[in-house]
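Subject: Model for you to look at

Hi,

Here is the structure I promised to pass on. Could you open it next to this email and follow along?

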Amino acid sequence: MRICPECDAPVGDEPLHCASCGWRGDIRDGVEIALSRADGANALLRDYYENYDKIAADDLEGGILDERYVVNQADNLLDKVRRARGALVCDLGCGQGHLARGLLARGAAEVTCVDISMAYLKRLAPLDGIRAVLANAERLPFRDHFDIVVTTDVMEHVLNV
């Protein structure tokens with residue numbers, strides 16, 4: 001179920017609006033913006049997100065890591081995911097989307113790509129089977145929503161582990 005990142009209330013048919021507390025998300029470049037008002041108002045988080053977008057843009061332009069490593073890492077994790085066919089999957093910290101595309105190739109019904117980088121997400125948003133969501137991993141707008149949740153290389157980016 002989709003929940004409000006502000007008050008955790010179920011959001012119903014309009015997932016970017018909460019009738020309980022009045023929170024409203026947004027959609028930009030096909031990406032759902034599901035940050036709480038507190039996240040949006042926090043100067044430290046805003047600076048962190050902006051910096052991470054710069055890193056992501058550099059990564060998309062020239063590849064920070066060797067592409068073979070990233071693809072191999074995704075393939076290794078895909079080997080561990082046994083029941084992707086027909087599943088609703090969340091790829092938390094999706095980055096360039098190698099893992100998400102692999103999950104779709106293995107029959108996932110939909111992959112929700114969650115990241116804090118618009119640069120990554122807006123490249124993934126137009127792909128069939130992908131839902132792109134900009135959200136804080138510490139305050140996800142979902143509860144009991146997915147059959148499978150995968151994540152790689154995320155802990156070092158979480159501010160409040």
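Tyr52 is buried at 13% relative accessibility, where buried means under 20% relative accessible area, exposed over 50%, and partly exposed in between (1.4 Å probe, protein chains only). Before going further: this is a predicted model, so local features need pLDDT of at least 70 and side-chain atom pairs count only at pLDDT 80 or more, while totals for chains, interfaces and linings use all residues. Residues are numbered from 1 along each chain as its sequence is written, and side-chain values use heavy atoms, with hydrogens and water left out.

Back to Tyr52. The rings of Tyr52 and Tyr120 have centres 6.4 Å apart and planes at 65°, so this pair is edge-to-face. For the terms: rings of Phe, Tyr and Trp (its six-membered ring) pair if their centres lie within 6.5 Å, and planes under 30 degrees apart count as stacked, over 60 as edge-to-face and the rest as tilted. The pair ties together distant parts of the chain, with Tyr52 in helix H2 and Tyr120 in helix H5 (residues 118–124), 68 residues apart. Helices here are DSSP runs (H or I, at least four residues), as are strands (E, at least two), numbered from the N terminus. Tyr120 is buried, too.

Searching the whole structure gives three aromatic pairs. Among them, Tyr48 and Tyr52 are stacked, because their ring centres are 6.4 Å apart and their planes at 25°. Both sit in H2, four residues apart, about one turn of the helix.

Now H2 itself. With 20 residues, H2 reaches 29 Å from its first C-alpha to its last, close to the expected 28 Å at 1.5 Å a residue (that expected span is 1.5 Å times one less than the number of residues). Its buried residues are Leu45, Tyr49, Tyr52, Ala56 and Asp59. They cover an arc of only 80° around the axis, which puts them on the same side of H2; the arc is that of the directions from the helix axis to the C-beta atoms. Asp47, Lys54, Asp58, Glu61 and Gly62 are exposed on the other side of H2.

H2 also turns up in the second largest pocket, where it gives the most to the lining, with four residues.

Two loop residues are worth a glance. Most residues other than glycine have a negative phi. Asp29, in the loop between strand S1 (26–28) and strand S2 (31–33), has a positive phi near 55° and is exposed, with a relative accessible area of 54%. Asp144 also has a positive phi, about 50°; it lies in the loop between strand S5 (130–134) and S6 and is exposed at 75% relative accessibility.

Lastly, Ile148 in strand S6 (residues 148–151) is buried, with a relative accessible area of 17%. Ile148 and Asp91 are 57 residues apart in sequence and 8.6 Å apart in space, C-alpha to C-alpha.

Cheers
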